[in-house]
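Take a moment to colour it by chain before you start.

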Amino acid sequence: MRFLLRRLAGLAVVLVVASFLVYGLLYLVPGGPMAFLLGNRSGTPEQIAAIREQYRLDDPFLVRYLAWLGDAVQGDFGSSLVYRQDVSALLTARGTTTALLVGYATAVIVVVGVAAGTVAGLRPGRADAVISTLSSASLAVPTFVIGVLLVIVFALGLGWFPVFGPGEGFLGRLHHLTLPAITLSLGSAAFLARITRASVREELGREHVETARSRGLAERHVIRRHVLRNASIPVVTVTGLTVAGLLAGSVVVENVFALDGLGSLFVRAILQRDFAVVQAVVLVLVTAFVLVNLVVDLCCKALDPRLSR
Amino acid sequence: MTALDTVRPRGGFRLPRPGPALRRLGPLGTGAAVLLAAVLATTLLAPVVAPYDPNRPDLFNALAGASPAHLLGGDALGRDVLSRLMWGARTTLSGPLLIIFLSTTIGTTLAITAAWAGGKVDAVVSRLLDVLFAVPGIVFALVAVAVLGPGVPGVVLGLTIAYTPYVARVVRSAALRERQLPYIAAAWVQGRSAVGICVRHLLPNLRPLIVAQSVSALGFAVIDLAAISFLGLGVQPPTADWGLMVKSGLDSATRGQPLEALGAGLLIALVVAAVNILGDRIGREEGELR
Amino acid sequence: MKIPEVQDKPRDVREDLLDVRGLSVAVRAGRSWRTLVDGVDLAIGGGEAVGLVGESGSGKSMTARALLGLTPPGARVTGDIAFDSDQVTTMNRRALRELRARRVAMVFQDPRAHINPVRSVGDFLTEAMIANLGVAAAEAHARAVRLLADVGIPDGERRLRQYPHELSGGLLQRVMIASVLAVEPDLVLADEPTTALDVTTQSEVMAILDELRRERGMAMLLITHDLALAAATCDRISVMYAGRIVETQPSTTLTATPRHPYTSGLMLSRPSIDTVADRLPVIPGRPVAAFESGEGCAFEPRCGHAKPHCRDLRPPVQDVEGARVACVRAGELTLRGDVDV
């Protein structure tokens, strides 16, 4: 319990620091916030006044920051200069796509990565060699290259999957998200397979496994209750870190497949200097990243009694 | 670009002892080293070996397939894909090398300072690293681009910030371990200054680890920078760059010319694989030395 | 060290519960085989305690593992191991599991490594009872508490909920002993059961193990490098060097009149509480593994009594006044034994 409180406090610190940086960066831009917010547009005096009003540019910095933070905590990130609507509304609409994509990819990673790694760890020889080679290869190929390759082969070449777009209905969305999810998960699945293989191998060689065998326990029982049970600790840790990494990876993948998620919103906002959106997306990404890490730590403590004291 | 060029000779992945090291690399490692050497040679020799001007459009060659005149065909504007790949190696590799150089220098300095000073300095540095770790690396790069505008400087700045904590964490724990060893105490007793000991004794002993760490980070830097260029936020057109070429190649592919995307994608993957293999070998060797 | 004196042998001695003949174990090293155990003969009667004494690398642990079919994958095991007249080396998986589950149990050297760190003490103790003996969980739990009391851990209920890292090495080794008692095997293999423990708890743990196995009439093979410990605990002792057994004798006569120069050397190189020595006699050279030794007697390079012909031929095992000794000069030498055992 105290651990949880301490972690939540740490989380709050990280978020405050991140928000301060994200907000403060606006003022580091050459020419100040006004130049930044206007960008290449030449504003009429009314527009400039409106921006000054909206961003409270006439108040002292800290006051503005605190006001912004207060609104942000309540889910109000201001409104987008480009889209002319509430940032929070934009986020909810786009967040669903990203959440679906990351969830889908997580499922693929866990199923494929852990299964392949376990097989490779338990069966040295051909299965292991094939899986290890495949995972080394997929680790070297960047996500966006995988995405482009998949589009060329499966969408343009074989025509099995749609190239771009969101799709209709839940199944349609899943169908449309399949290539992006595979793209997003391939490298991570390969990485997880490696970790799983290594930790299964390591546990197999542990003395306590010899003890279990010496007691006449069935091999299946030994593998399940001792080898896999213990190997699951590092695997869960890495899975969590990988999922957190997917949040960042989705930025790239959404752009490959032109999906309307947070990532494509983010990139467009950067290009169009839509700073309210940039700030909000960064905060959302950092929050999600930190939360996933917290969940991982909690899982590890549940799995490994040595960590709780 | 000149700033980037001066960095290359000091690039992180030169092997410490070329002769015996090459023999210990094994066939796969040697293959990786040869591939990297070839790519590096191309970056230097692009003006000589590239068959065409990478930026000269040729309407007759637009979206053309492979032909004897244009081995990999042309892109949407009819520019020669092969020549663009050769020139693109420059931008694709120089950015990551600069990022690794900067983050390794900053990270190592921070780490050794923290490990040596201990106490409050160490606590502050460690907390700082924790906070940096709480944010995914690519987000730093994107935020930096948001502030500085699209282009290489913003990305290099952002990725340097993102990579520094990784270097610092590894080096810090190694430096803490190394500090306990008697030879440091011996140097201290001899009346050497702290800086002197760090530079003359600590650093050389940490070097294998730092080299291994930089090489494996280089693979990630190549991927990240190419990805950001792919998003349109890094290297800007019309400069030839592999990440950008995957992007424009995707459009060409939907119009029937996949060679640009495939060529650039394959090269990125090969270079990253080669760097990873070398990093793995060097890391293993470093492990054996301990 | 206060260790219970050797009492009369248990009454129900069945001849040769375990009968090992010509046991050899070799593992692959690249293209060649490395012999770790070389032609070991060993017999243990029901309820009897036999000590297997040797330095590290002499192959004594590997011998014990071979008795349970626990040799590393790919190892080559030859010779025969008859347990209650069943051949262990040719057993199928099911029979081997049955043997391990009910008849032969092992106490390992380092309980901290040999007990799964992420599962509770209760899990460890009840696991085999539930899986192998078909005991209901509640019953297994109650039995585990009683077993802990037997090995001198009074607050069993609390201990069962704890995890290995919360227990000291000595307590953990008692838990391991309790887990062995749980299945009431006919033979306990104790592989250096006290070596990894603090000196202060060593004799306590050894006493518990020895007492409880006597009470229950279990036979024991005690593997140790400590000749005095073996002499105090066991009925008979086999001394092992370079994968071979060089001498076997009843404990009492072995300590008084060792017949093999190596046994004598082992005794003399131990420090004694009663005598002050300026310098302990040592056996010169370093111990070798079976695959490192030459054609002849493996101990010959370090032996003070060696003759040129010791190098030529592997010494056959001969009977010398009730001792079985693998030394060609066994009949003619008079060797010093331990003074204070």
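In chain A, 72% of the contacts between residues at least 6 apart in sequence join residues at least 24 apart. Please keep in mind that this is a predicted model.

**Chain A as a whole**

- Chain A has twelve helices and zero strands, and its pattern along the sequence reads α-α-α-α-α-α-α-α-α-α-α-α.
- The C-alpha trace of chain A spans about 85 × 55 × 35 Å along its principal axes.
- How many of the 309 residues of chain A count as buried? The share is 43%.

**Which chains touch**

- Two pairs of chains touch, and the pair with the most contacts is A and B.
- Chains B and C do not touch, and their nearest C-alpha atoms are 19 Å apart.

**Where chain B meets chain A**

- This contact takes 37 residues from chain A and 31 residues from chain B.
- On the chain B side, the elements that give two or more residues are helix 6 (137-148), helix 9 (194-230), helix 10 (242-254) and helix 11 (259-289) of chain B.
- Sorted by class, the side of chain B that touches chain A holds 27 nonpolar residues, four polar residues and no charged residues.

**Where chain A meets chain C**

- Here 20 residues of chain C are in contact with 17 residues of chain A.
- On the chain A side, helix 9 (207-214) and helix 10 (219-256) of chain A are the elements that give two or more residues.
- Which of the elements gives the most to the side of chain A that touches chain C? Helix 9 of chain A does, with six residues.
- By class, the side of chain A that touches chain C has seven charged, seven polar and three nonpolar residues.

**A closer look at helix 7 of chain C**

- Helix 7 of chain C covers residues 169-182, and its end C-alpha atoms are 20 Å apart. That agrees with expectation, because 14 residues at 1.5 Å a residue should span 20 Å.
- Is helix 7 of chain C mostly covered or mostly open? Mostly covered is the answer, as 13 of its 14 residues are buried.
- After helix 7 of chain C comes C:E184, which has a positive phi, near 45°.

Conventions:
Residues are numbered from 1 along each chain as its sequence is written. Chains are lettered from A and ligands numbered from 1 in the order in which they are written. This is a predicted model: local features need pLDDT of at least 70, side-chain atom pairs count only at pLDDT 80 or more; totals for chains, interfaces and linings use all residues. Two residues are in contact if their C-beta atoms, placed from the backbone, lie within 7 Å. Helices (H or I, at least four residues) and strands (E, at least two) are DSSP runs, numbered from the N terminus. Ala, Val, Leu, Ile, Met, Phe, Trp, Tyr, Cys and Pro count as nonpolar, Asp, Glu, Lys and Arg as charged, and the others, Gly among them, as polar. The expected span of a helix is 1.5 Å times one less than its number of residues. A residue is buried if 20 or more other C-beta atoms lie within 10 Å of its own, exposed if 12 or fewer, and partly exposed in between; C-beta atoms are placed from the backbone.
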